[in-house]
Amino acid sequence: TYWAKVTGPLVGRRFLVTAGGTKERIDPVRFISNDSSGKMGYALAAAAADQGATVTLVSTVALPTPAGVTVVSVSDAREMLAAIQTHFADLDVLIMAAAIADFRPAQVADQKIKKTVDNDEMTLALVKNPDVLQTLAQTKKQQLMVGFAAETQNLLANAQQKLTKKRLDMLIANDVARADSGFGVDTNQVTVLQPGHAPEQLPTLAKTVLAKRLIEMITEKLK
Ligand code: CTP
Ligand code: CA
């Protein structure tokens, strides 16, 4: 058994962190997903627990469970939303590090889709997934909402729009076009946006080190 940390600035605070790319089913053996590894979300959950927070990690991946963190496994966007909704009212902080698929197949085939002989093309109909942050923003009270923005171009302009549109308290803008930043790698280079603050560009850091920095910044906002 693990004994919850009884010291640290986040004792008594409830965090929920999401991690990994969602998997949107096509048929029993196939899905749509993305390159998110879940590493940033796991590092954030570990860093928050290390400061004494009660942490739930809603995850699509099977990385080692950080000490003191409760993991809830989900696959697709709608399962992720439902898992968060069961905890949302009691949260102090929600950190959406997960890469949620924007669209899912309109239908999930019961059986493996066959490669038919006479068709050289096939079309997969997709429908939009719910926007988790925007859905939750409708019932937001005390919760501090932190989002991530993965961008390959116009990083700051796109990120600033997301901060406003999703009514976030903090947005971590992530340049995923760089080799040393974003999906899969152990380092990340981000710019932190907060309403009414100038963008704060951080150096390239190990995800574990960046997670500590971000949790410190969130701890400051909770005061
Ligand atoms: N997000 C969400 N629900 C979705 C899609 C994204 O809550 N259906 C969250 C992500 O977890 C992330 C933030 O919104 O914290 C930004 O995700 P991103 O994919 O960058 O933004 P989108 O609004 O989906 O816009 P786009 O993909 O067109 O850039
Ligand atoms: Ca998206």
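Let me start with the calcium ion, which is ligand 2. In this predicted model, the ion is coordinated by Asp102 (OD) and Asp102 (OD), at 2.5 to 2.6 Å.

Now ligand 1. Where does it sit? The space it takes is the largest pocket. Two elements each give two or more residues to the shell around ligand 1, namely α3 (132-137) and β9 (144-151). Of these, β9 supplies four residues, the largest share of the shell.

Which residues come nearest? There are 14 residues around ligand 1, and the nearest are Met96, Leu133, Phe148, Lys162 and Lys166. Sorted by class, the shell has nine nonpolar residues, four charged and one polar.

A nitrogen atom of ligand 1 is 2.9 Å from a polar backbone atom of proline 130. With phenylalanine 148, an oxygen atom of the ligand is 2.9 Å from a polar atom of the backbone. Lysine 166 uses its side chain instead: a polar atom there lies 2.8 Å from an oxygen atom of ligand 1.

How much of ligand 1 does the protein cover? On its own, ligand 1 has 570 Å² of accessible area, and the protein covers 77% of that.

That is all from me.

Definitions and conventions:
Residues numbered from 1 in each chain as written. Chains lettered and ligands numbered in written order. Predicted model: local features only at pLDDT ≥ 70, side-chain atom pairs only at ≥ 80, totals over all residues. Heavy atoms only, no water. Donors = N, O, S within 2.8 Å, 3.2 Å for Na, K, Ca; no water. Near = heavy atom within 4 Å. Polar contact = N/O pair within 3.5 Å; in protein donor to acceptor, adjacent residues only side chain to side chain. Areas by Shrake-Rupley, 256 points an atom, 1.4 Å probe, with all protein chains shown as cover. 1 Å grid on protein atoms, 1.4 Å probe; cavity = no way out; pocket = protein on both sides within 12 Å on 5 of 7 lines; lining within 4 Å. Sits in = over half its atoms within 2 Å of the grid points. Nonpolar A, V, L, I, M, F, W, Y, C, P; charged D, E, K, R; others polar.
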